[in-house]
Structure formats: C-alpha cells, structure tokens
Amino acid sequence: MSDTPNTGTPYPIVPLEALAAASRPGVGASLRLLPAAARLAFRGREAAIGPAGAAFGLELPRTACRFAAAGTRAALWLGPDEWILLAPGESPAPLVETLEAALAGLPHALVDVSSRSVGIEVSGPRAAFVLNQGCPLDLALEAFPVGMCTRTVFAKAEIVLRRTATDIFLIDVWRSFAPYIWQLLEEARRGTG
Amino acid sequence: MLLIDCPYCGLRPEIEFRYGGEAHIARPADPSALSDQEWADFLYARTNPKGKHAERWRHIHGCGRYFNAVRDTVSDFFVTTYRTGESRPETEESAR
Amino acid sequence: MSGAFRTPTGGRIDRLHPVSFTFDGRHYSGFRGDTLASALIANGVHLVGRSFKYHRPRGIISAGSDEPNALVGVGRDEAHFTPNLRATQVEIHEGLKAESQNRWPSLAFDAGAINDLASPLLPSGFYYKTFMWPAKAWTTFYEPKIRAMAGLGRAPEAPDADRYSQHYAHCDVLVVGAGPAGLAAALAAAATGARVILCDEQAEMGGSLLASTRSLIDDLPAQKWLAETLATLAAQENVTLLPRTTAFGYFPHNMIALAERVSDHLAVPDPELPRERLWQVRAKEVVLATGALERPLVFPDNDRPGVMLADSARTYVNRYGARPGKRAVVFTACDAGYRAALNLAAVGVEIAAIADLRPSPSGELASRALAAGIEVRPRTVVTGTSGRLRVTGATLARLGPHDLGPAQKVDCDLVLMSGGFTPSVHLFSQSRGKLVWDETLRCYIPGTSVERERSAGASRGLFELGEALEDGYARGAAAAQAARGGSAPARSFATLAVRLGTDGHIGATPHRRNPAFAKAFVDWQNDVTAKDIKLATREGFRSIEHIKRYTTTGMATDQGKTSNMNALGIVSEALKTPVPQIGLTTFRPPFTPTTFGIFAGAARGELFDPARTTPIHGWAVENGALFEDVGNWKRALVFPREGEDLHAAVARECRAVRSSVGLFDASTLGKIEIVGPDAAEFMNRIYTNAWAKLEPGRLRYGVMLREDGFVMDDGVIGRMAPDRFHVTTTTGGAPRVLAHMEDYLQTEWPDLDVWLTSTTEQWAVIAVQGPKAREVLAPLVEAMDISRAAMPHMSVRTGRVAGVPARVFSVSFTGELGFEVNVPAEHGRAVWEAIHASGQKFGITPYGTETMHVLRAEKGYIIVGQETDGTATPDDVNLGWAVGKAKKDFVGKRSLARASMSAPDRKQLVGLLTVDPGVVLEEGAQIVADPNVPVPVPMIGHVTSSYRSAVLGRSIALAMIKGGRARIGSRLFVPMPAGVIEVEVAEPVFYDPKGERFDV
Amino acid sequence: MQKFSGFALLRNALGGHQSWGPQWRNPAPKEAYDVVIVGAGGHGLATAYYLAKEHGVTNVAVIERGWLGGGNTGRNTTIVRSNYLFDESAALYDHAVKLWEGLSQDLNYNVMYSARGVLMLAHNHHDVVSFRRHVHSNRLNGVDNEWLTAEQCKEFCPPLNIKSMRYPILGGALQRRGGTARHDAVAWGYARAADARGVDIIQNCEVTGIRRDASGAVTGVETSRGFIGAKKIGVVAAGHTSVVMNMAGVRMPLESYPLQALVSEPVKPAFPTVVMSNTIHAYISQSDKGEMVIGAGTDAYTSYSQRGGLHITTHTLDAICELVPQFRRLRMLRNWGGIVDVTPDRSPILAKTPVPGLYVNCGWGTGGFKATPGSGHVFAHTIAKDEPHPINAPFSLERFRDGFLIDEAAAAAVAH
C-alpha cells in the first residue's frame, strides 16, 4: 500500500433520500424525488419500431426529442433508433416479456435499465430559470415545449430532461449522479423565493 | 461554445457533443493487406486543413449519433452537417 | 453635508440617504447613488493611488470602467477583500471599507516614488538590457526586488466567502449598452414581441442621458424620457433588464458572456443572493450599443491628481452633484471640452481658460462659452502642469506656425482634457468583425460583421443624440426582424440636443520640453510615456503588437481603453506611417476584468465534480470504511477495525478471503449490454479474443486494443443468450469503452444489427470470494443452481438472490472460488446485507479495493492502467493467449504486426521478489541491471504494483522489465535514494500458480 | 550589436536613450539563402541563431507571416521544466534547461529565466505512482525531480489548498530547476543575436509555396514577397506546419487545436512557484509583473481561429479556485488563444523529411516553449549536418510508421 493512502474527498456524501426529505417547497421552484418506475431501453431497426409501440401500448414518437404518453406510460425519443419506455410504478419483468414476445425475430435490443436512474421533478414558475443554471438549452416554452424530451447536460452530469407542463420538468439521472444534481438544484433554487 | 446543428436534434450547444476528428477516413477493409506506411497513414496522417474541414461529431449527450460536419477551421463557422454514410457535400460558399 | 465639493442641489444621488465609508481608514460621507470616486471628489479627495512603475501620485481620471488610476482594494474583511477595483465603479454603501494600493508606507508618502527619480534608468524594456550579471543574481536578487515593486493591489489572504452563480440564457435580441442607442434598440426589438435582454455595466441604465442637463427627447427632458422608457421596458414580459451587468466576452456563434454584479453594492446583502452571476447568453441577434470613450490628451505631466477627462468631470457635476475642483483649465481638441466647461461653470467652478488645439473653434458651444465670459484660447496647448499631490497650475502656450509661443502659467486645481471620442468597438472586434478606419471621424468603426450582430449609435461613430436614437431603433428593429420576423412600428425621435461635431486629436500634443525627458503619459497605469513609445520605434519595433509588448502600453488593467489610440498616433508620427496602415492590437476578452469565482460558479468544494457512490456506500460508511477516489467514484478502500492500522486491516481482509470468505462491492465496474443478432460478430471485431463459440451461460475474459495495438481495457464478459452479452469494463474505462464501441459500430459497421446500452448503474455488484463463497450464497439462491456441478468456474446464471432478480457470475479476481452477484441497484444494499448475514457463520469479511489489489497481484492479474500505461501490447502483459491468432481482423490487430511490437527489448510483465522479504518496493521505482554506473543510469523497467502479502508472509511486486520473461530467476536492482534494493525476477503468479482454488 | 548592460543603460540614460539603435534589421529578402527557416517564433529564431553560431551557417533567412514571436511564443504560459519520463524526452528537454540557464548571458538579452520550481500535483493513487515513476526515472537520468508529500507541497507553496477540496492533494513532484522565462524576450533575444550574426529576419512575408526540382529536392519558397531560393528549408511553423508541409506534398501526423491561456490583474507577490495539476486541469504561476498566469486546456476540435470556448476557461478557473480559494476574487484581465500542433504520441517531430533539403520541427503541442533553446540547437545541427543530433534522432517521422512512439501522454497522462 502506498504510504500516502488516498482517502479521497473530505466531504461526506449525503444520500439522495436524505436530501429529498430535507428539501422544502419554494415559491419559485420545488424539488421532488419521483417514485420508482420501469424503464426499458429500446433500440431497433425500422421493422421493430411499430410492433414495439403496439406492445407497449402507445405509438413510439418518430419526431426528434418528443415523448408520447398514454395513461401513466410514456415513450421518450432519445435518438433516431432509441427510446426509453417508461412505466411508473410497474415492474419491468412482465413488460420485457410482453415486448420480447412481440418483437421475436425482429432486429432490436431491449434492455432493462429501470434501476439505472432516478427521477427528479422540478416544478414552479422559476423551474426553467433554476434548470438553466446548469442546463445549456433554451427552456423557453416555445423552444422547449410541453412534450419535449432530450438527453442533455446539467453542470458536469448527463440528464434526460422532459417537460410535462409549463411549470413542470422531470429529470432522469443516473443514480450515482443524483445527489450531485440535487444539491446543485438546491443551490440554484436559492434566491428564487 | 459552438452551436452545432445535429442532423437529428437541431441546433445544440457544443458541450453536448464529442469531437471525433477528421471524417471520411474509412477503416481499410483488409488491414493486413496494407504496408506499414499505408497503415501509419490511416492511423495518423491528417489533412488538418486551414479552411473547410470535414469532421466527425457525436451528439453524445443528445441523440448519441455520430454525424459529419464541414467547418471552416479559420472562422469556426459550420458550413453544413450531414449524417454518417452520406458523402461530403459540395461546399463552396461559407454559410453562417 | 457629504463634502465640501458637493453641489447644493442636482444630480441623481439620493440626498436623503447619507452613507458613510472609509478610505485608507479615514471616514467620509457620501450619498446613496455615489460611486467611491464621486464621493471622494465631493470630499475634495483626488489623490487615490500610485502608478505601477514610477509610483507617481495619481488621481481620478474618468467616471467609468476605463479608469486607469483610481484602483482600490475594497472589503470588510479578508474573506470579502477584492483588490484593483475601480473607484469609479464601486458603489458606496454604509460601512464600505476601501484602501489605496501600491504605496508604502502611505499614499501621501510612498517610498516607491524613488522610482520616479530613477526613471531615466527605467525606460521601456530596461529589464531586458540589464540584470544579467552575475547570472544567478536575477533569481536571487533582481527578480524579487522587481516583483515587490510591481503588482498593484494585494491578493486576499483568506478564501472567498461569497457564492457565485451561473445562468444559461437565450434571447432573440441581446442589446449591450443602455445608452440612447441601446434603449432605442431594445424598444424596437421588444415591440415586435422578440425576447430581449438589455444589459449595461453601470448601476443605472441610461448611459450619456444620466449626465444630460439640457437635451430634450420627444419634448421631454432626457432624464424624464429615460425614466419613462425604462418603465416601458420593465413592464414588458419579453424584456429582461440587467443593470450592473458587463458584457465582457463575445464568443463564437453568438455566445456572449455577461457578468452581473448582484450584491456587492449592498451593505447587508441577502445571503440567498450570489455575489455575482455569469450569464452565458446565446442570442439570435446582437445589437452592440457600447458607446464611445473619451480620449485623453498626451502632454507633459498630464498625470497629476486633478487632471481629468472633461466629459467625466461633467458626469461628476451633473450626475453626482460633485465638483471636481474650484478652478479649472480645460485643454481640448473638440467641443466636448466646452460642454464640460459650461456645465462646471454652471455649478460655480471657475473656468480659468479653455486651451483649444484647433485654430478656430466655432459652433454653438464655443459661442456659449464666449457668451458666458469664459476665456477661450484657440490654437493653444497645455505644455505642463505643476503641483505634487494635486495639480496647482497648468502651463499654456500658443501654437505658432513653426514653434510654440511663450509659456504662461495659469493657477488651477483642475485640468480637464478632451481629445475627442473613440467608439467602443471591443466586443465587435472580439466577435471577429473587421474594423475600418473612418478618415472623417478619425477613428476605427465596425465594418462587416462576422457574427449575427450589428453595432448602433456612438459605437459606430454616430455621436449625436438624435442619430444614436434613430440608429438604435433601426438596428433593434432589424435585429428583431432577422431573429424571428415581425416588424417594429415606425418611430422617430424628436430631439433637441447640442451637436458636438467630430473633431479630436490622436497622439501627443506639442510642448517645449526636451522630448527625451518629458513625461507625457499615454498609458497612465503602466507609466508608458510618449518617449517610451518613440524609443521602441527607434529600437526597431514596428508592429504595433511588438510596441505594445515592449512598452506595455495598453496592457494595464484598462486594457488600453484610454491609451490605445494615442499610442497609435505616436507610432504613426514616429514611423511616418498613417494610422490605418499600422494596424491595431487585438481586442481580447474580457472587456473589463472579471472575477474568477464567476467562472467557477457552484462548482466548488464537494460540488466541484460529481462524487459518485454505489448502492452499498451507506453500509460501508456505517461499517467504518475508508474511501478512495477512483475517477469520480468513491470506493471503499479498507474496513479497518478499532485499533487496527491500515496494513493490519488489509492483511486481515486478505487472510479472510484466502481462508474463508470475503465480501466486496464491485458495483463501480463498467457494464455494457450488447444485444442484437450480430452481437457475437461485433464482439469478435472489438475484442482480441474469439466469441462465436462461447456458449450462453459461460463467461470469458476479454481484452480490447486501441487501433494502434495497445491494450485499452479488459473485463469479464458473459454470454447471456445467443444475441446478448453482458460486458464488464474497468471502473475508469467504462465511458471510454462505450464511446470506442459506438464509434466503430456507428461509423465503420452500421450494417451490424447490434445495440449497446450502458448498464453500469443498473446493477449493484457484490463479489463473494473465498473457499466458503458457495456455502454463503447457496441458502439465498432461488431459481438457479449454483452447485459445483451445475455452475463451473466462469459461468453465469440468472435467478434470484435474497428474493431479488439476479445475474450471478462464477468468477474470481482473487484466485479463490468466487461469485459476483449482480442485482438491480436499488436492492444492492439489502442483498449485500443478506449475504453478509448468511456469511456470519464463516466470519465473512467485507474488504476494500486495497485488499482486492493485493489478492489479484498475488495471482498476477493485471489492472489496466496500473500494469499497462497505454504503451503495452497484450503480449507485454502476458495476455498473448487472449489474442485470437486465427481471427482475420480485430481492432488493433494490424498494428501488432509492426516490427516494433515484437521487438526483443519490449518491457514484459514479471514478478519481483525482494531479496529481503520484508522490504516493500515503491510503486513507480525504476529497475536497473547495474546500479554502479554513473548517471545517466540505463533503466530496464519499473515497478507497477507492490504489496505486502499476508498469505505469503513477504512482499511481492509486479514489474514491467525489458526482455523480462527471459530474466526470470536473475537478480536486478532497484536504486532508491536511501540505497539499492536487490530483487529477483520471478514468475508473476505468486499464489496457487496452477489455479486449483477456483473450483473448491 | 550594441552591448546591453547596466552601464550601457546608465550611459544612455544621460542622453535620454536617444542612441539605442534597432535590435534587429528589417531587411528585404535576398534572392537566395543557404537555409530558409519558415517561422520566426522562438524555435525558428533559435535554429537560425545556432546555425550561425555553432555551424557557421550565416546565409540564413527566417521568414515570418506576421511579426516575429507573434505565434505560440508570445501566447504561452512560459513554463520551463524537463522532468519527462522517457529517456528520449528527458534528454531533449534537459538539454534545453541547460541552455536556459546561461541564455541571458549567451544572447546578451535578459530572458528572465527564473528557476522558481515547477510543482506537479497528485490527486489520486494513479498520479502518485505515475509521478514517482517520473521522479525515479529522472533521478537516474540526472534530471532533478523530487517527491513531496502534501504537507511539503503546502510548505513549498503556502497559498495551496491541499485538503478541503473534492480531490485533495496527495503529494507532488517538484523540479526545482524548472520555472519560467519571459516569452517575448526569448524571441527578441534570439532575433537580435541571430541578426547580429547576419541572419535576415523577414517579417510580414507569408510562404505560399515550396518549390522542388526534378529530383524532388527543395529549391526555395514562394512567398507574398516573391520567390526566395533556398538550398535547405526548415519548417518551424507550429500550428501551421500541416499547411506549410502540404505545400511540399507531405501529409503530417498532426492536428492543430486551440489552446487558451489567461492572466489575472496584477497583484503583489502571492504565489511563489509554478503549480500544475493535470488531474483537475489547471496550471498557474505569477509573472514578474504580478499577473497570475493560468493555462487552460485545448478545445476539443481542430481550429486555426486562435480562440476557444468559454466553457474551457470556466473549467480551468473552477480548478484554480479549488487549488487556491483565496484567488477566487481575483479577476481575469486577459484571455487569449494559440494554435498548438499535436502529434499522435504528444512528442515533437524534429527530423529530416522524405523531401531532400526539407526539415521539420513541429508537434510540440502544449509544451513547446520550454524546449526552445534545445529544440533550436539540435534542429540547427540536423539542418547543418543533414542528419539528426543524437538527442533528436528518436523524434523522427518514421517512428509513426514503425511504432516506436515516445508516448509521454499515454505513459503518464501528464500535460506537457
């Protein structure tokens, strides 16, 4: 062992749940940890796209950076052959089974990534302002309308961002980055009432 | 921070992208058929032009796709962007 | 009363709110709305600083961000102290503490002023010509002395206590500058519905209108019009007004950086507010309405406190109600000098004389000056000033056809100068727009734009109020039109304002002094005089960039705002070359100095970089783990027990794994799911090994190369199904490996039906390692058979562990029987705890990365990035067996065929055993064959890994040694500063070389 | 050449410095030269100087597109060090350091070489092992470099924050002979000394072509001021090397990237040494004038624009603010960009080329300034003798074909 052991950052890491529990609603913007969801990464050739949507229960959006929703489920366009199929509160296994059955023989890839990320809601009249302290995209309603979703960055982490209402944004972030994102959002919220 | 026109997602800020070096340097179909010098040229020789440069970018923090662009390396303005697999467009006039 | 020089009425200061502050420990009073400079002037204080080189006494020259002299340190304590702030921009608040700089022991008596006496020895570039003997004296003597004299303010000694924030913003039209042109541009753009941001560096928006006394716009007094306009703009939702906000940088593709000063002007700032905020604005169109800067005149001793720019003096009187003196001499080359004289006279400042460079001043202002009884002397120059800490007089002389007339001294405590106005083209130039020389205006103005930008008003030479408003409105409308369509309503501005004309002067003015000795300052702060610039031209420096660097003119903290044009004028005369042929120095960001903290924003301390943790992190914290940073992950290094040092803890953990069972959090391993009909073909091309024949349910160790043939990453890969691989990578390599794979897949082999998904964070990975591993795991397993018969070493099964869906790998990085249990991340901790409970009867021991390193080293397993360094081939690190010789091609294969890649003296991985088993080698130590040769000693290798092995009872090491495999059994040497260590080269596998322990 | 000295300064002071003559001439190009050097940066001027001084080759022109010293020589952060890992690199850079140590006297121009030490910080285990590997290798190569603990780093450079940061400092490698020099003075000193030995320095003269005879050998350069004959041509064009070499039909293993640097406003002495941290991407020193001189990283894309993105600066300054948190309130005064030519192994090329009479000195990436004297010295040898000096023999073009890379970057992950 090195005689100068690297014991790393002196800062204790506060778990996400503790951060979320300590967060107070604000006039300008509030943060909320979203409950668990099934998330499937779907990739495929043209032939697989229709059947995948049919099996999931909603047509996969073909317009770039848009999501489609039906009931609680949503399909997020992330790339020209890439979607995240999102089913809050559901277990991934039956979903995988259904989809794989529908996609048998069609060139595709379906990977369960339910546990890979966590969801954070940023809501309130200043939500876009708060998000713009780390996200470089234009979040004006005309540039980032309700129904839009995309991978992007927030400070030094990657996120998937979508807008479900004028004042509500949802972030999907890989779980190990979530405390960092949360703390930056809290910092960004300061002074917004 | 450049503003880059992803062929799939539209204009997005540079920090969502990863630069991929000179475009249209195809990996030889049979590398073993190449001489050492030919292989070294494939690996290392670059046009590095002062002017219009065909180059690869990946929208890594976006749609994840690689695509190609022609950019003027003097002004840093893009002339055009196009999808991987498409050939380099004719670009005489500089666009904004 | 806030000072003897305060006017009884007028100005925009709030006379109901007195503010007290200190300067160099002395208490003064001003009003809300004052800058530090205006408040000091109202108190009769002009001496505020010392110059950089000669330490000459210096006063306030300007009223804005171009100020070169009045630099102060401000801050209530060290954690809030900022040096080098311009007094002309510091807004006073109750309790403000300011101090002067670059003086010792005091501002009035500065020992450094000796430099002024020695100045004949200190011309431009003197330091290049001397201080060379004796050679060592530069570092030990001269340089420390020079450094002590240089610098301006002092750096704060305590870490900054303030916060900074950053904001990305987008708009249709960004208008920089809220003077008449900028306001009009914003009005026009806003009227189209465009999203508009209007920023201005001053505390109040309005620019020149703030000092206006007589102008009318649309029949309203200018200041009333201003108030109404600002109210109109503020009421519009599509308009963002940002006062105290400097546009400091114009970056490619219309990204403009703004620095907003949010709370420094407040006596008791809200702790929720940042000190400053960085705005990174991406604008569809930009209107630069940045105005113009008044040019000083270059005449001898033009630097005494009390010498001031004329229009700035007018600003002090009109805007701040502060009289800069009692009796003024005005030296002017344009009508602005008259306007200032009239404004000053109106508040009781006696105008001793106006010396006008021009032969026959005419026009409205000159007439009004004459009518007011002011003595106007045409064709007259100021040839010097007198006074020590404050100007006491000026010498005037009339310009004859060939020479100067006799000098006449005029008593005064104020000398105003005006050489005309220079458009502020900094941002335009930063945007890479080309400047063009306007022979009529005798200044550079914006030519063709490169970015989607247009200049308006004074910044492009339209100095008159009416012109600026009309131009601003037209440009704002055009910008909005270009950004999003839609047109602004037609509008014109009826103005009644005095016309200043376009006269001015560039360069030095004539005088009678010996030009070799007179100090006529061009760059006040850096003490560059006209003679310095001429010296540079004599010494052969012709490029303006060379002259700038040699003399340092324009390199002070005002970045040439006051000096550049006059320097050009002097060079032009010296080289007998017209100004436009000399060229300009490059305008570089930032427009004004910009706080480091604003660039860092929230990225400080724990938020400097993400600190990634695994699902099991909390358990490790609760159980006393020490952590190490690996990339941006935090990994448990070791779990020391009470009273145990690190070595003891590692030894205990190692023994536990070898003798019973250990538990390790491997969640940080990179994971990629490779799925699709062509998955195996893709694997074949990316990895050196062959994959087609790997059966589902089996694992294989894989090595990948860069195209240049060097080892890039490795990992164990499971085939989950014919079309599905579960790939693992090194912790640090995960993003790089995925990007490498995507690169080849998307751009070289887009025809392959296969897709890549990162699953690093999907799975928590719990390694159960040791002879009792199977017994620990078995009771927890459902829906899979992990018995020895059903699940041999290097296989993978899916089922449930502790009730949770799991992928279990029978794999070992320790040399013992082992399993790696992959479970969905949110269940990681619960499964870990279940395994930990199940293992209690075997004394299951959690272990950290250090133990993992020792155990793998005992087995000779490499860590990519530790044994390899980007210059190792598979064969170098004994992985030649993993290269599919029969494969026609894979990434990196061709490079391996180069002669150099199989050269006999390549470094190869071997083991090292110190002859003294108690000695542990230092990682990174160099290895030699003969330690007794003089420097340079030929080195044949280095130690890559080195540990104490508890199980072997001795130290072990891995090393890369030239021709190492052939040296096994021989003795080599590790020369350390404290002595030479003798080592024996060994096989790199120290423990269980036959590999009999995997399947116990 | 008028001799520079304290006495000369004093004597001239009496006359108001009226009798100083030009430091170099401004000659019109002759029809032909024995050697034409393309590029009047530090390396090119040094090459010309040593050609004249060491090899008696004085019929030399250095031609420059803009003004001498106006490229990377005048844009870098002036760091000098030689603690490189590989024998080849250590030999090359230490050759330079030895020349730095007497350069002011040799050139009769104070280049202000200041051996204030270069401290490279380690923030993780990998850094520690890598830097120790450097330290041991350097020691055995006779190059000074020593390992400091974190506390010793703090003692050597008291303003450093070593603990309360995301990536605390675990130690550092210190080269005491490393330091800084005044970049402009290096260019001007070499220019003046070369000029004094008869070298023509021709500014505002852009090379537009390289002429070759039937045998393929070079015969001269086409320029914006006409054809200039040359028996030998040395291309020392830094970021523009690919462009110039392309004129001779040689495709180079180079890419040109923007590299940014910045300075703070000047302050009184507050930072005693040069500190580099590759892990968090920052380096900083304080100039004689008092400015904090800070290096930023390269932008991601190739460019000749001599500027870069704000996000690069932002990233550099967040690191600086962590390393020295009391500097957070200092202010950036000036930010600029240069063009650095980068080779695949991050080591330079100092070599003959496949074209007879054509020699190239390039690929210094982000670290060329420190090598200036050594580079010029061995490159002059290469041109004069038509064969490399033993020190630069490994830095050939052929190494890319044969795979004998000198991969300092891969080996150490250390910025140059």
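Predicted model: local features only at pLDDT ≥ 70, side-chain atom pairs only at ≥ 80, totals over all residues.
Biologist: What makes Cys6(B) count as buried?

Modeller: Buried means under 20% relative accessible area, exposed over 50%, and partly exposed in between (1.4 Å probe, protein chains only). Cys6(B) has a relative accessible area of 2%, and is therefore buried.

Biologist: Why is helix 3 of chain D called roughly perpendicular to helix 10 of chain D?

Modeller: The axes of helix 3 (residues 87–100) and helix 10 (residues 372–385) of chain D come within 7 Å and cross at roughly 110°. Angles of 65 to 115 degrees count as roughly perpendicular, under 35 as roughly parallel, over 145 as roughly antiparallel, and the rest as oblique. Helix 3 of chain D is therefore roughly perpendicular to helix 10 of chain D. The axes are lines fitted to C-alpha atoms, for helices over the stretch in contact, and the angles run from 0 to 180 degrees between N-to-C directions. Helices (H or I, at least four residues) and strands (E, at least two) are DSSP runs numbered from the N terminus.

Biologist: Which residues of helix 3 of chain D and helix 10 of chain D make the contact?

Modeller: Contact means heavy atoms within 4.5 Å. Helix 3 of chain D contributes Leu92(D), His95(D), Ala96(D), Leu99(D) and Trp100(D), and helix 10 of chain D contributes Thr372(D), Pro373(D), Gly374(D), His377(D) and Val378(D).

Biologist: What makes Val118(D) count as buried?

Modeller: Val118(D), in strand 4 (residues 118–122) of chain D, has a relative accessible area of 0% and is therefore buried. Its contacts beyond four places in sequence include Ile79(D), Leu174(D) and Thr273(D). The C-alpha atoms of Val118(D) and Thr273(D) are separated by 6.4 Å, although the two residues are 155 residues apart along the chain.

Biologist: Why does Arg442(C) count as partly exposed?

Modeller: Arg442(C) has 36% relative accessibility, and therefore counts as partly exposed. Arg442(C) is in the loop between strand 26 (435–438) and strand 27 (443–446) of chain C, and has a positive phi of about 55° although it is not a glycine. His253(C) likewise has a positive phi, near 60°, but with a relative accessible area of 8% His253(C) is buried.

Biologist: What is the area buried between chain C and chain D?

Modeller: Buried area is the accessible area (1.4 Å probe) that two parts lose on being put together, summed over both. For chain C and chain D this is about 9700 Å², with carbon and sulfur atoms giving 58%. Tyr128(C), Arg147(C) and Phe596(C) supply 9% of the area that chain C buries against chain D, more than any other three residues.

Methods
Residues numbered from 1 in each chain as written. Chains lettered and ligands numbered in written order. Heavy atoms only, no water.
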